[in-house]
Amino acid sequence: MLDLLIDDAIVHTMNPRRPTARRVGVWNGQIVGVDDELDGLTARRTVRLGGACVLPGFVDAHTHMIWSGMANGGTVDLRGITDRAALLDRLAAAADAAAPGEWVEASGYDQRPIGGHLTRAELDAVSRDRLLWLLHASGHACVVNSAALAAVPPDELRALGEEVDRDADGEPTGLLLERGQLAVRAARLPYRITELVDAIERSARICLSQGITTCAEAGIGGGLLGNPPAEVAAFQSAREQGRLGVRMQLMVAADALRPLPAHADDRIARGIDLGLRTGLGDPTLGIGALKLWLDGGIMARTAALTQPYTGHPGSGQLQDDPDVMRQTIVDAHAAGWQLAVHAIGDRAVDIAIDALERAQALVPRDDPRHRIEHCGMVRPDQLPRLAAVGAIAVLQPEFLWDNGDDYSDVVGPERAGWLYRGRALLDAGIPIASSSDRPVVAGAPLRAVRFMVERRSSSGRPVGPDEALTVAEALRAATLGAAYACGREDVGGSVESGKLADLVVLDADPLRTDPAELAGIGVAATLVGGEVRYGSL
């Protein structure tokens, strides 16, 4: 007997052998079958949806659950504040509410709408001797006051070099870029595990409300956004307490690699303790790819481009010496990891391709399933090389919904069509996955689908219109394509027998909705393992 029979629905299965269905049967958290595969079976509960649309649960292949949870309740929220004085007033109020000597953390800081970065002097004037730390919305910069800078040893601050912005007199302005942020982060950490669990739960609730059932946490244990080494314990605790909400796959930051005394025949030069790697765990909580950052982001003007930004000095920066980063990729590949390589600018994409080509030549592997996170700017000549190396492009289409005007301006008209491509990637035979990078954006999958179809920013400006996808292609990128990027296409991403009963019920059919209305489609219910965790049936 089935636990649940969903009947009278429009089911888009993402299974090319049976793309649509009317009925779905669930038993013991799994899909038993659809339509005629269910003939003769009875169910403890039958729900008739009256033609409502059912999809496999969305998979967010690149997200930051703890950072997002902190931004949504754990820190001072600066999102949406576009007036400099109002922003400073908000920080002053937060400082007043904190105890003397406490850290005051703020998320969602963005210098663009307020006429440039806040300075250390401005923050000092409102911080009341509290340690003030503003994390940039991109995650690739921060601004701090004098008290927070004083928490960093002076010799360590000097060693950061160009990653510490300085004024004409050589004094720090309070702006720290890329890995320069880590010195402040180290001074603030660790958080309590209870704080991390709270953040995970807050993020999971948002994801479920958006129809997301699986997320890949893009970097634990180090990197630009690393939290304490006890991060995995926080996810385990959330699961044990029934607060995990969604299925989680954890990417380990490459900072965690260390020499391992393995046998020479195993080709493991570096790994993490006990030789753990991609694939450990179960569909609810497991280890995914190794995350490596090659460059920064366009919002912070630190994505590494081959040609300078338009109207902005410089062409971005790399996170480390290119040879060091290439060797890390080779070592991780040899150790059996799937790789998730952050590369936004085309210069970083070049390095990623070179390293993956070298790694596979030295240690051939069947289906290593390596990923390029963001693939933010891809030149035409890079497309066939990406396809040849078998890389998956893990995209964040919502970036261009929110920031398409700005990104187009700073890369110029000749390169704007290369931003977060869609059609060219598919035509070249490169698998694509949709994701959010939350909390950089709100993370709504259907808004990402709308952008992939329309290729217009929130202002209506076209951004690479030749890269438009069909609605069906965009939905696949957010379901089966994202599951494939996470190595989970065997258990998720489509509605078919044997897969997990992770489903989303929508109040309209995306394939029968005007593209301009896609982002407004509501989520009526989200099911994880056949259990309703958002909305109702």
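The exercises below concern a predicted model of a protein chain.

**Exercise 1. Overall form**

Decide how the radius of gyration of the chain compares with that of a compact globule.

Solution. Start with the length, which is 537 residues. A compact globule with 537 residues would have a radius of gyration near 24 Å. The chain has 23 Å, which agrees. Next, take the box along the principal axes: the C-alpha atoms fill roughly 80 × 55 × 50 Å. Finally, look at the contacts with a separation of 6 or more: residues 24 or more positions apart account for 73% of them.

**Exercise 2. Helix 1**

The chain has 17 helices and 26 strands. For helix 1, find out how many of its residues are buried.

Solution. Helix 1 covers residues 65-74, which makes 10 residues. A residue is buried if its relative accessible area is under 20%. In helix 1 this holds for Met 65, Ile 66, Trp 67, Ser 68, Gly 69, Met 70 and Ala 71. The count is therefore 7 of the 10, so helix 1 is largely enclosed by the rest of the structure.

**Exercise 3. Two aromatic pairs**

The structure holds 2 aromatic pairs. Classify each pair as stacked, tilted or edge-to-face, and locate its residues in the chain.

Solution. A pair of rings is described by the distance of the centres and the angle of the planes. The centres must lie within 6.5 Å, and planes over 60 degrees apart count as edge-to-face.

Take Trp 103 and Trp 133: their centres are 6.1 Å apart and their planes stand at 75 degrees, an edge-to-face pair. Trp 103 lies in strand 10 (residues 103-109) and Trp 133 in strand 11 (residues 131-136), so the pair ties together parts that are 30 residues apart in sequence. Trp 133 has a relative accessible area of 4% and is buried.

Now take Phe 399 and Tyr 420. With 5.6 Å between the centres and 70 degrees between the planes, this pair is also edge-to-face. Phe 399 belongs to helix 12 (residues 398-411), while Tyr 420 sits in the loop between helix 13 (413-416) and helix 14 (423-427), 21 residues apart. Phe 399 is buried at 4% relative accessible area, and Tyr 420 is buried at 3%.

**Exercise 4. A charge over a ring**

Which residue lies over the face of Tyr 484, and at what distance from the ring centre?

Solution. The residue is Arg 369. Its distance from the ring centre of Tyr 484 is 3.8 Å. The cut-off for CZ of Arg is 6 Å from the ring centre.

Note on methods. Residues are numbered from 1 along each chain as its sequence is written. This is a predicted model: local features need pLDDT of at least 70, side-chain atom pairs count only at pLDDT 80 or more; totals for chains, interfaces and linings use all residues. Side-chain values use heavy atoms; hydrogens and water are left out. Rings of Phe, Tyr and Trp (its six-membered ring) pair if their centres lie within 6.5 Å; planes under 30 degrees apart count as stacked, over 60 as edge-to-face and the rest as tilted. Helices (H or I, at least four residues) and strands (E, at least two) are DSSP runs, numbered from the N terminus. Buried means under 20% relative accessible area, exposed over 50%, partly exposed in between (1.4 Å probe, protein chains only). A charge sits over a ring if NZ of Lys or CZ of Arg is within 6 Å of the ring centre and within 35 degrees of the ring normal. The radius of gyration is taken over C-alpha atoms; the globule rule is 2.2 Å times the number of residues to the power 0.38. Contact means heavy atoms within 4.5 Å.
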